[in-house]
Amino acid sequence: MPEIKVTPLGAGQDVGRSCILVSIGGKNIMLDCGMHMGYNDDRRFPDFSYVTQNGRLTDFLDCVIISHFHLDHCGALPYMSEMVGYDGPIYMTHPTKAICPILLEDFRKITVDKKGETNFFTSQMIKDCMKKVVPLNLHQTVQVDDELEIKAYYAGHVLGAAMVHIKVGSESVVYTGDYNMTPDRHLGAAWIDKCRPDILISESTYATTIRDSKRCRERDFLKKVHESIERGGKVLIPVFALGRAQELCILLETFWERMNLKAPIYFSTGLTEKANHYYKLFITWTNQKIRKTFVQRNMFEFKHIKAFDRSYADNPGPMVVFATPGMLHAGQSLQIFKKWAGNEKNMVIMPGYCVQGTIGHKILNGQRKLEMEGRATLDVKLQVEYMSFSAHADAKGIMQLIRMAEPRNMLLVHGEAAKMEFLKGKIEQEFSIDCYMPANGETVAVKTNPSVPVDMSVNLLKREMALGGPLPDPKRPRSMHGTLIMKESSLKLVSSEQALKELALNEHQLRFTCRVALQDPHSDSETLHRIYTHLKSLLKGYTIQHLPDGTVMVESIVIKVSSSAEDANAKILLLSWSYQDEDLGSFLSSVLKK
Amino acid sequence: MKLYCLSGHPTLPCNVLKFKSTTIMLDCGLDTTSVLNFLPLPLVHSPRLSKLPGWIPKDGTMNLEKELKECAGRVFVDSQPEFCLPERELLDLSTIDVILISNYHCMMALPYITEHTGFTGTVYATEPTLQIGRLLMEELVNFMERVPKAQSATSWKNKDMQRMLPGPLKDAVDVWTWKRCYGMQEVNSALSRVQLVGYSQKVELFGAVQVSPLSSGYSLGSSNWIIQSHHEKVAYVSGSSLLTTHPQPMDQSSLKNSDVLILTGLTQMPTANPDGMLGEFCSNLAMTIRAGGNVLVPCYSSGVIYDLLECLYQFIDSANLGTTPFYFISPVANSSLEFSQIFAEWLCHNKQSKVYLPEPPFPHAELIQTNKLKHYPSIHGDFSSDFRQPCVVFTGHPSLRFGDVVHFMELWGKSGLNTIIFTEPDFSYLDALAPYQPLAMKCVYCPIDTRLNFHQVAKLLKEVQPLHVVCPEQYTQPPMTQSHRSDLMLELQPPPMPYRRCSVLNLPFRRRYERVYILPELAQSLVPTEVKPGVSIATVSAVLHSKDNKHTLQSVPKPPPVPPTKKRKRVMEEPPVAPKPLLSGAVPLEAFLATLQKHGITEVKVEETADGHILHLQAEDTLIQLEEDGTHIVCDNNEPLRTTLRDLVLRFLQKL
């Protein structure tokens, strides 16, 4: 029986370096190719030696699909394609294709230039890798080859995030990537049709949380920023250039407008501004409200938010600054942090997850004295706030997606084992489907039971449909008999007569003749007529004909009567039928013997 | 399978395809050439137009002076312009299941079809087609509504009256069905029925038919459509282009192997080369400006204008036009320019890769930024204060009957310094200009129609090899004005099936196979036997389920034990009994005799006949006649023997 195999190389009971291998209908697909933020050694990337010990991956993979531009989903892509070696197609949406290389280059710079690592992918490798990318449009059915087709659905998590439906024959898998089931300030909600995949592979970052309403968190955020500004403090928001930054900008922009605030809001670095350009050009990927009004007012052309210059950091008075990177591990956000850390009026708001070892992680854990390079220590006096704005589906959202897609099996990745376990139980209970949560390197095999498509001759179909009565009644099953011809890869179902004709086979007639002797004083024709009336009363619902040439036909069974020359009363009944009427023929012969 | 043809206009088609159990409308084109029979609607009071004399017939019998005005020997209807709608009587529009739109020019009649007709179906279109189509409809409504005309002329439509009128009014057809423009409410309601689709998306209709749009290369989001079931394929080609302009290139390969290809929307200017026309456009524009004149370009607010602006972007500096103001005036000018920049997915590769930088795909963004191109919703408001001459004005409507263009015709028509350059191919420029005669302004006609020409279409058809081609009758003969040009028509083998307005064509389809699904349980129970090398057969007895146009075959259920209490009520239907299969092959004599022997039948007398052998089983007094294509068992009163013999014979035969 055919089966689908799923093996996570990363993101199996873990968050980070998402990379999931799927084997379906003889095709091998890699879903995402990410890096792990928490490691600096080999564990940073998925273990591609699982696919092949030596040589390139091209021969072992039919395609690679990237769900969105976050590095934990695409960070290992140039390493995989250029250093391990893969030349096949890599699919991603247009916005992902646009933004992914920028983030990769950023990542490379930090790793190689700042940390001085060697043996890392180069700028040229990023470019070469991006050349292998084939852009995907939403809902477009892309034929990877004759059998494998993929289709992207809106996932909402970040600009250009997609879920993919992968189909070979009648087997299919859906991979969600990261998704969000509630629309936010700039993106819409994930959506999928009732595609009934054999397996739904879903992220489960918030497997156990039912998040409080987004509005509350937003109000909280605005309140904190506002209070800090009111008392003349400076607010630092370390962000990554794309994604949450835009959402928070829209939030602040509308708040500033409504409250008529005058304190300046700044963006650091050119990248963030460039990022806003992407949002403007890919406005069709944002939420309905922004799309509808973009001609009158482009939400990504901010009135109150201006470009930052490092000299502004020393300006007196309140201000809000968005600066990269998001974990305070390097760059402008760190510089500003050092300047502002000493003043308790100031505030830093961390809007996302921070990896261990970063300053962001330390201050969130309440560390108040930081050792800086050299011997200097930094006293952290400013207020530290954490606000999660990351857009993942919560438990409710995951259940909602299952209801939408109606999968036959469920597989959880991109989450913590303990939380997954809880959600798994809930899913199995509520939907009565199997739910898997393989660890990295562990394979799940799911048996599928595909039905076999065949081409049925319309004549036969119509004949069978007509037998079911004049009106088609879906509740009443109709029987059907025919011959299936299997020739190479084609399967045709035709009537037996047509099969003989198509295969140029001659029909072999098998006939039986049976003589029954009986005594009857009537003449031959009268005997025949008595048999006729007898059968007529016996066999209701059969066509019985009395033909003028002295035969009785029951369906196609011939009955003749002759009398022997010696004794006119000794009649011989001649009964003749073909093999196709075997049941009736044998029945008649036994009836007539009595 | 039938095709109902509701429009006679080859580039503004409206056909209805009945395919399997679905009714599919292909496009919804609105023939606007009818407006040429009407007087222009001026934005500002025009003394010239209002003083035009009423038309008086020679014999003076009719009094239509109020409705008909005469200008330079032509007669015009003085009323709000009306459009020629797709035929609405040929079939019940409420039975239409879906409407497939191929591009934004071919959907302008949508509100007439979806509103007030009982239509309850779905409209499928791509996102650019919907958004730009909405803009064009809004513009049309705006043009009509901002200069309301009290008078509605209907007397001239009277058959007896119309007969007496001079041409072309006299020859106008179905004038009674002409309709005024719809309103915004109808537009919104019609467009709310649109469901968005992406290229190559497969949309299932009632499980019976799958439709899929393909890039057609003509305009933003323009598509051809594939309508197919598992065994039949119809390709609908409408407004396609092989030239490299801004849209994504045409997808040709997916059109292959169709049973029927419906071909519409070929170029209306088969002899005009678009590149040449573009060159002429630029040089005439530059010449006029240098001489101190103004240039008027009547155009639609989306489409070729993007290419014209791109061409000018490269041309402006080299032609020293850096200081000349370019104005684009339309109620939707801003929207059209903005929308063009956000559909990167639907653009050609070059433009697409620009957004990765990130830069706007069209250079008109830069023209606007540098203030070389300015856009206004109308001539009123800001425009009147910014207006500087000499200048270039792009504005609609290309028919010159309504929109801001009417104002510029009145303003600039009297000076020979000015030039009007026609770029849209939809209207005859002479007819368009007729109500403005006499005219001193220079006229240049460089129609740019990027749609397929006859040479390209012949090549395309050779490539994609449809079994049959259906096309408007206009394509099966050379154009009337160039009757000797046999290269300007379709010549195919077999010849294309022509249609005209109100035709109903029977499409040559023979449905021979239908896709059914054998459920796994049944599939496992089948026993295939090889009848020839590589060919196997299996007899199938199954229960057929048909639901939502999907057929599945299941195993015949075992008759459940009848509960004894319900014996009298025959609730259970008899389970269907499989009939005996047909047989094929032959029974070999020697092997058969050997088998008989094994079963204890030894006394066999074999007699050779012309066609085979007769076996006389002497002990049993039974005859078996073995022939190439038949076996006859004559056996009296010995049913066990007969069935044994039967089974032995069957061993040698294949069952079908």
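Predicted model: local features only at pLDDT ≥ 70, side-chain atom pairs only at ≥ 80, totals over all residues.

**Entry 1: a helix pair in chain A**

I started with the contact between α5(A) and α6(A). From α5(A), the residues that take part are K214(A), E218(A), F221(A), L222(A), V225(A), H226(A) and I229(A). On the α6(A) side I listed R244(A), E247(A), L248(A), L251(A), L252(A), F255(A), W256(A) and M259(A). Sorting the residues of this contact by type gave me ten nonpolar, one polar and four charged.

Two packed helices are described by the angle between their axes and the distance between the axes, so I looked up both. The axes of α5 (residues 214-230) and α6 (residues 244-259) of chain A come within 11 Å and cross at roughly 65°. I also noted the hand: the crossing of α5(A) and α6(A) is right-handed.

**Entry 2: domains of chain A**

Next I wanted the division of chain A. The assignment gives domain 1 as 3-210 + 391-447 and domain 2 as 214-386. Domain 3 is 452-468 + 479-507, and domain 4 is 511-593. How far apart are the C-alpha centres of domain 3 and domain 4 of chain A? I found 34 Å between them.

**Entry 3: the sheet of chain A**

I then traced an open sheet of seven strands in chain A, in the order β7-β8-β9-β10-β11-β20-β21, with mixed pairing. Its edge strands are β7 (141-143) and β21 (434-436) of chain A, each of which pairs on one side only. From one strand to the next, the twist averages 20°.

I looked inside the sheet at β11 (residues 199-203) and β20 (residues 409-413) of chain A, which run parallel and are joined by five bridges. For I201(A), the bridge partner in β20(A) is L411(A).

Which helices pack on this sheet? One is α11 (residues 395-405) of chain A, which touches β9 (162-168), β11 and β20 of chain A. The direction of α11(A) makes about 160° with that of β11(A). Another is α12 (residues 417-431) of chain A, which touches β20 and β21 of chain A. For α12(A), the angle is about 165° with the direction of β20(A).

**Entry 4: two loops in chain A**

I stopped at A11(A), in the loop between β1 (3-10) and β2 (19-24) of chain A. Most residues other than glycine have a negative phi. A11(A) has a positive phi, near 75°.

Then I went to A568(A), in the loop between β29 (557-563) and β30 (570-578) of chain A. Leaving out residues up to four places away in sequence, A568(A) touches D520(A) and S563(A). I also checked A568(A) against L518(A): they are 50 residues apart along the chain, and their C-alpha atoms are separated by 11 Å.

**Entry 5: the sheet and a hairpin in chain B**

Over to chain B, where I found an open sheet of seven strands in the order β8-β7-β6-β3-β2-β1-β22, again with mixed pairing. Here the edge strands are β8 (194-196) and β22 (504-506) of chain B, each pairing on one side only. The twist in this sheet averages 25° from one strand to the next.

At the β8(B) end, β7 (residues 122-125) of chain B pairs with β8(B) in the parallel sense over three bridges. V123(B) has V194(B) as its bridge partner in β8(B).

E70(B) stands opposite V75(B). Two residues lie between the strands, and A72(B) takes a positive phi near 45°.

**Entry 6: cis bonds and an annotation in chain B**

Where are the cis peptide bonds I noted? One runs from L357(B) to P358(B), with omega near -5°. P358(B) sits in the loop between α9 (349-354) and α10 (364-369) of chain B. Another runs from Q493(B) to P494(B), also with omega near -5°. P494(B) is in the loop between β20 (468-472) and β21 (497-499) of chain B.

Last, I checked the record. An unreviewed UniProt entry annotates residues 305-433 of chain B as "domain: Beta-Casp". In the model, this span is 40% helix and 12% strand, and its end C-alpha atoms lie 21 Å apart.

Note on methods
Residues numbered from 1 in each chain as written. Chains lettered and ligands numbered in written order. Heavy atoms only, no water. Pairing = 2+ DSSP bridges. Helix = DSSP H or I, 4+ residues; strand = E, 2+ residues; numbered from the N terminus. Axes fitted to C-alpha atoms, helices over the stretch in contact; angles between N-to-C directions. Domains from an automatic or database assignment. UniProt positions renumbered as here; feature names shortened; annotations may be inferred. Left-handed = near helix turned anticlockwise from the far one by under 90°. Contact = heavy atoms within 4.5 Å. Nonpolar A, V, L, I, M, F, W, Y, C, P; charged D, E, K, R; others polar.
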